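I opened the model today to look up a few packing details, and I note here what I found, entry by entry.

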Amino acid sequence: RMPDGSSVGITTDKEPSDAVNKDATSTTSALNSRPLYEANNPSSPAVTFVDGHNDGLRLEGGRVLSPFTVAYQTYGRLNADKSNAILVCHALTGDQHCANVHPRTKKPGWWELMVGPGRPLDTNRFFVICPNIIGGCMGSSGPASIDPATGQPYGLSFPVITIRDMVEAQVRLVDHFGIDQLFAVVGGSMGGMQVLEWAASYTERVFAAVPIATAAWHSSQNIAFHEVGRQAVMADPDWCGGDYLRRGLVPRRGLAVARMAAHITYLSEEALQRKFGRNYQDRRDLSFSFDADFQVESYLRHQGSTFVDRFDANSYLYITRAMDYFDIAARHDDILADAFRGTKTRFCVVSFTSDWLYPTRESKEIVRALNAVAANVSFVEIESDKGHDAFLVNEPEFFGTVGGFIRAAARRRG
């Protein structure tokens, strides 16, 4: 039982057939598909919060989510006074498996260059927690999860969630570990939005914050890109108004197109040109057809098809909507500095020169707001031609920057 009176239970090895109507064979088949089995049977630890007097997780939209589950991974060991915990927040299509082999794809963790022994987030020194966000599909409560009231997947009956709601769920997880203050919260892209939300809403619980390649609000251009992706998913006949799981279907084509469009925004023109140019794919000349003549076409098709094998279409809708709703300044009469007034958190804001999805000017907006309230802030723009995804690949200057900031913050804290 938690200090606030809520009760928690660790949930592992749940069988979807226990929750799904046994007559709904098509639903069971869909839930047992590769991307959706983890939604209700996470390979990682997971905590289900069944709240008492506070009636569950109260969401910004006014609804209450109860019970709710947060799946997570941890690396390293929590020290005796629980002062060495670092929270890693993942991006739109990430999950909790940042530094271990992914249970479904069998690929290395998405941030194994950042998290691990001797890495910038050194697990010989720090206890790293990486939760799957609510709204996701890797074990935390989301639209593919089973609604306990119906025994069926939530689908579009799952409440619309926000970045702030994601952080509120993470607060419960941190409380579950008995951690009063996180040594650091670190994340890129949507993960950076969560970092900013932590720093704005729970400044006394965050000693250091590292928002990377992110913004304090979503631009109209980024909302537009997300809307194209959502419409691609919803235009797929197999989406079935969001009810595809009950019908044993998956909107593969729509979700693949959404991923293809989004993936372009994660790269830079220089990176695409260097990697693909106008090179042909397995041919010496044009085919005069609509096959993938060019390598870049084949690459994008591959990105789309593999994404469908690990992600839920409705989760994609919910998470992109949460990002679009994100605007910290709006809660403070559009004065961003007021969101951080009085903060004692130490900040390291990082951007990349070729990132046109969250360009450096948006990071500088954050820095100016922090300077306006005399916050302790460092800012680094990393020279890179790898686009927005530069924070996920091998950029030595970036890793050196984060590692140096973390070490300096540790010395400062003592």
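Entry on W198. I listed what W198 touches once its neighbours within four places in sequence are left aside, and found it in contact with L87, V167, Q170, V171, V174, L182, V185, T203 and V206. I keep in mind that this is a predicted model.

Entry on the cores. I then looked up the largest nonpolar core, which has 84 residues, and W198 is listed there with M166 and F340 as the residues with the most contacts inside it. There is also a second, separate core of 32 residues, and I noted I86, C98, A208 and I212 among its members.

Entry on helix α11. I checked the length of helix α11, which runs over residues 360-372, and its 13 residues reach 18 Å from the first C-alpha to the last, close to the 18 Å expected at 1.5 Å a residue. I wrote down T360, E362, S363, I366, V367, A369 and L370 as the buried residues of α11, and what covers them includes α5 (190-201), β14 (346-352) and β15 (376-382). Following α11 I came to A374, whose phi is positive, near 60 degrees.

Terms used. Residues are numbered from 1 along each chain as its sequence is written. This is a predicted model: local features need pLDDT of at least 70, side-chain atom pairs count only at pLDDT 80 or more; totals for chains, interfaces and linings use all residues. Side-chain values use heavy atoms; hydrogens and water are left out. A nonpolar core is a set of buried Ala, Val, Leu, Ile, Met, Phe, Trp, Tyr and Cys residues joined through side-chain atoms within 4.5 Å. Buried means under 20% relative accessible area, exposed over 50%, partly exposed in between (1.4 Å probe, protein chains only). Contact means heavy atoms within 4.5 Å. Helices (H or I, at least four residues) and strands (E, at least two) are DSSP runs, numbered from the N terminus. The expected span of a helix is 1.5 Å times one less than its number of residues.
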